[in-house]
Number of protein chains: 2
Amino acid sequence: MSKDFLNLISVEEAVKIAKSIVPVIGSEPVALEDAVGRVLSEDVHSDINIPGFDRSWKDGYAVSAAETVNATVSMPSMLKLTGRIPMGAGERMTMGAGECLNIPTGGQMPKGADAVVMVEYTDEVEGDVLIKRPVAPGENVVLEGEDFSEGELVFAEGRVLSASDIGGLAAVGASRVSVRKKPVVGIISTGIEIIPVDEKPKAGEVRDVNTYLCSAFAKKHGCIPKHLGIVRDDEKAMRDILRNAPAECDLILVSGGSSKDIKDVTARAVYSEGEVLAHGVMLAPGKPTIIGKIKDTPLIGIPGHPAATYMVLSVIVRHLLREMTGILKENESVVKVKLAESLPSEKGREEYVRVRITDENLAEPLFGKSGILNTLVKSDGVIRVPGGREGYEAGDEVEVFLW
Amino acid sequence: MSKDFLNLISVEEAVKIAKSIVPVIGSEPVALEDAVGRVLSEDVHSDINIPGFDRSWKDGYAVSAAETVNATVSMPSMLKLTGRIPMGAGERMTMGAGECLNIPTGGQMPKGADAVVMVEYTDEVEGDVLIKRPVAPGENVVLEGEDFSEGELVFAEGRVLSASDIGGLAAVGASRVSVRKKPVVGIISTGIEIIPVDEKPKAGEVRDVNTYLCSAFAKKHGCIPKHLGIVRDDEKAMRDILRNAPAECDLILVSGGSSKDIKDVTARAVYSEGEVLAHGVMLAPGKPTIIGKIKDTPLIGIPGHPAATYMVLSVIVRHLLREMTGILKENESVVKVKLAESLPSEKGREEYVRVRITDENLAEPLFGKSGILNTLVKSDGVIRVPGGREGYEAGDEVEVFLW
C-alpha cells in the first residue's frame, strides 16, 4: 500500500477483472420439485419414447384413412363400430376392414387404424358410424417418440430451468437432477461506528445496513449469503476472518474501509493477506472499490456508504454473481423508457445515475447528495451514461437497469 | 352437469371471475435477511432520526462557512487546526472562532461548525489549514434526520421488498418484519393413465407431468406447492380430497378430467362438492377449463394435456397467484420484439400463440400440434392476438409474455 491516490479504472475494466477470477462452482442433486430457477449441471436425455405408443389427440373414431377417402356430408362413409378404447389400457386393440373404434384423446391407437376422425364430423347410428369428412393417414395421431425419442437430448447442461422445463423433465423421468450449487457469499461489514441492526445507535454510531444490502442482493441473485460479522476497524480481526473465509465461501464481500486512508483496515488486510488486482473504479458513488483475491477466492471491497455499496453491487458484483450461478438472463430487468429531464454529463467519464420511474413511465434522475440513503430507497434503478457522450436530453430513450 | 357442450367465455372474463374469488392471505413475521422478494404486510416507520447526528459526507475540515467567504487559491483563509474528529465518537467536539477540525466522511460535526471543506481544496501548514475555496453553510453536511426522521413512514404495507429496501429496513431498525404468507397451492393430477414420474410408463400410461408443471409454476410465483396426489379417475377419491383441501390450501389446481365427458371426474366432483362459476374458456389449447370454489377456496380445473395446462397456468392462474401473493410486477417478464413471420387469426376470436425468441431477437410462432410437449419446452413464451384483429404481419411488434 504505497500510494495515497487510487489508479482509477473504468467500470468495464473492473467487470472484466472480476470475471477473470470467478471460481468454479460444484454441482449437487436436487429433487425435481425444487429445481425451478436452478441451473442444470448435466445433460438430460429422454429415458423413453414420448409418447410411448401411438396416441390419438382428439376425441373421435380410430379409422383406416383409406376407408374415408370419398366421405362427404351427403355421402358419408359407413364403418362398423366394434368397441371403445379405454384410457390407460395396456393391451393394444385391433380392428379389421370396414370397422372403427371409439377413441378418447390420449387413447392408444388400435392395430389396423392410422388416423382419427374427430367426433364433430361423425354420427353414430345403430352400431355404425357415419364419417362425413375424409382424414389423411396420421391425422390427429401423435406417433410413438414424436415428442421425444428414447436417448434424445432434452436439455443441455447450463440451462436455467423454467417452470415449463420442470414439466419436460418430469416427462422424461428425471425425478432428481444435478444442478449447480448456490454459491456462498461471505459478507463482512467494517467500521468503528457500525452497530448491529437490532441496537439503537448512540451519537456517532450507525446501524449495519450493508450486511443486509449485500445478503439480500446475493439471495436475489441465487446465492447463499453468509454473515461473517462486523469488524470494528480491528486489522488483526479482519485478517483472521479473511484467512478463514476461503474455506467456507465462494466470494467475499467486505463493505467499508476500502479507501487508501491509513485507517482503512480492509485495504490493508487485503494487501497483506491476499492479492489486490484493482483499487479504484471510475464510479460515483463507489470510487474506492477493491477487486482482489484471498487464496483463490475473489474478494470485492466495497465503499461503506449504503448508496455506494448498492451501486457497486449493481454494476460490478452482479456480473460476478451471474457468472458464478450461471443465471445469465434471469433477474436482469431492463426497461426502456424516456428521460423526464435532461441529464448533463462530462464527456469521457462513464456515469451511473439513479432514477425513479414516474407514474407517466418516464425516468426521472434523482440528483442530490450521493450519500443519502432515501435516494436509494426511492430510486427504481440506474441508467448508464457511456463515456463517449455528453449526457442525454429530456425525451431520449434510456435503458434503466432495475434494482 | 346437465349440458354436453361448454358455454365458452373469453380469457378476460375468466380472469375477472378468478380474481373475484381470491382469498385473503394472512401475515407472518420473518427475519429481515429472509424478507427480500416478500410483500410487506405492515407500514414501517423509522424508529430514529437518520442520520442520528449532523454528519460530514466528505473527508476534509469542519469550518464555520462565514470564515471562508473570501477564500481563493491566491488568498486562502487560514484557520487553526485544533484536532481530528474520530469516527464513532459519542461526545460532540467543539471549536471556536478562527478554528477548524479535521473530519472524516461520516464523522460527527462539531459545535461551532456548519460546513465541511473538502481536503482537495486545502493545505495543512504547521498546525494551520489554508482554505482555498469558500463553502456555503450546510455544504458537505448531512443534517440529523435528513435521510429519515423519527416516526416517518419509510415503506407502506403492500410493498414488494427489493434488495435495496432490505437495506432501508435495516437502517430503521426493522430486524424482523411482517410479510404476507406464501399462499399454499394444492395440486391434484387426475387420469386413469397417469403414473408417478419415477415409474416407467407401460403401454397406455403417461407420467404425471402436470403436478410438476403446476408446482414449479406456483413456486416461481412465490407460492408453496402442496401435492395432494394422483387421482386415477375415481370420483369418490376426488371428492374426498376436494372436501379436505380447503383446510390446508389457499387455492386448488386440478389437472385433467375437466371436460364435460361422462368420464371426467373433476368436473363431476366439483359440480357436487362445490360451485362451478365457469366451465369453458375461449383458449386453445385450454378450452375445457373450470373455475370454481370448494367452500371459499378457489379451484381451477385445468385440461390434462401439459401444453394446455401450461397455457391455462400462464394466462389465467398467473393472475390469481399475483393477487394472492401481492407480487404484481415481479416475475412479469414481457419483451417487445418483431414477429418473424405473419400470423393469421380469425377476427373475433382471441388467440394465444406460443413463440420462440430467435437469435435475431424475433418472435417465431410455433405452430404444429397443440398437444405436443416439445413445443412447450422449445417455446420461450406466448403472444396474445386480441379478438378485435385479424392476426399480425411479419415485422409487426408484438409483446411476448415470457414463461
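## Domains and overall form

In this predicted model, chain A comprises four domains, two of which are built from separate stretches of sequence: domain 1 takes in 11-26 + 182-325, and domain 2 takes in 27-49 + 150-180. Domain 3 covers 55-142, and domain 4 covers 334-402. Between the C-alpha centres of domain 3 of chain A and domain 4 of chain A the distance is 64 Å.

Chain A contains seven helices and 25 strands. Its radius of gyration is 32 Å, well over the 22 Å that the globule rule gives for 403 residues, so chain A is more spread out than a compact globule. Along the principal axes, the C-alpha atoms of chain A fill a box of roughly 100 × 50 × 40 Å.

Of the 403 residues of chain A, 48% count as buried. Among contacts in chain A with a separation of 6 or more, 70% are made by residues 24 or more positions apart.

Strand β17 of chain A, residues 251-255, is mostly covered, with five of its five residues buried. In a regular strand the side chains alternate between the two faces of the sheet. In β17(A), A:L251, A:L253 and A:S255 point one way, while A:I252 and A:V254 point the other way; all are buried.

Strand β17(A) pairs with two strands named here. Strand β13 of chain A (residues 184-190) runs parallel to β17(A) and is joined to it by five bridges; within this pairing, A:I187 has A:L253 as its bridge partner. Strand β20 of chain A (residues 297-302) is also parallel to β17(A), through four bridges, and A:L299 in β20(A) stands opposite A:I252.

## Relation between the two chains

At the interface, 64 residues of chain B are in contact with 63 residues of chain A. On the side of chain B that touches chain A, the elements giving two or more residues are α2 (163-171), β15 (206-207), α3 (209-220), α6 (306-325) and α7 (373-378) of chain B. The residues on this side of chain B divide into 33 nonpolar, 17 polar and 14 charged. Because 98% of the interface residues of chain B are also interface residues in chain A, the copies meet through the same surface.

Definitions and conventions
Residues are numbered from 1 along each chain as its sequence is written. Chains are lettered from A and ligands numbered from 1 in the order in which they are written. This is a predicted model: local features need pLDDT of at least 70, side-chain atom pairs count only at pLDDT 80 or more; totals for chains, interfaces and linings use all residues. Domain bounds come from an automatic or database domain assignment. Two residues are in contact if their C-beta atoms, placed from the backbone, lie within 7 Å. A residue is buried if 20 or more other C-beta atoms lie within 10 Å of its own, exposed if 12 or fewer, and partly exposed in between; C-beta atoms are placed from the backbone. Two strands pair if DSSP finds at least two bridges between them. Ala, Val, Leu, Ile, Met, Phe, Trp, Tyr, Cys and Pro count as nonpolar, Asp, Glu, Lys and Arg as charged, and the others, Gly among them, as polar. The radius of gyration is taken over C-alpha atoms; the globule rule is 2.2 Å times the number of residues to the power 0.38.
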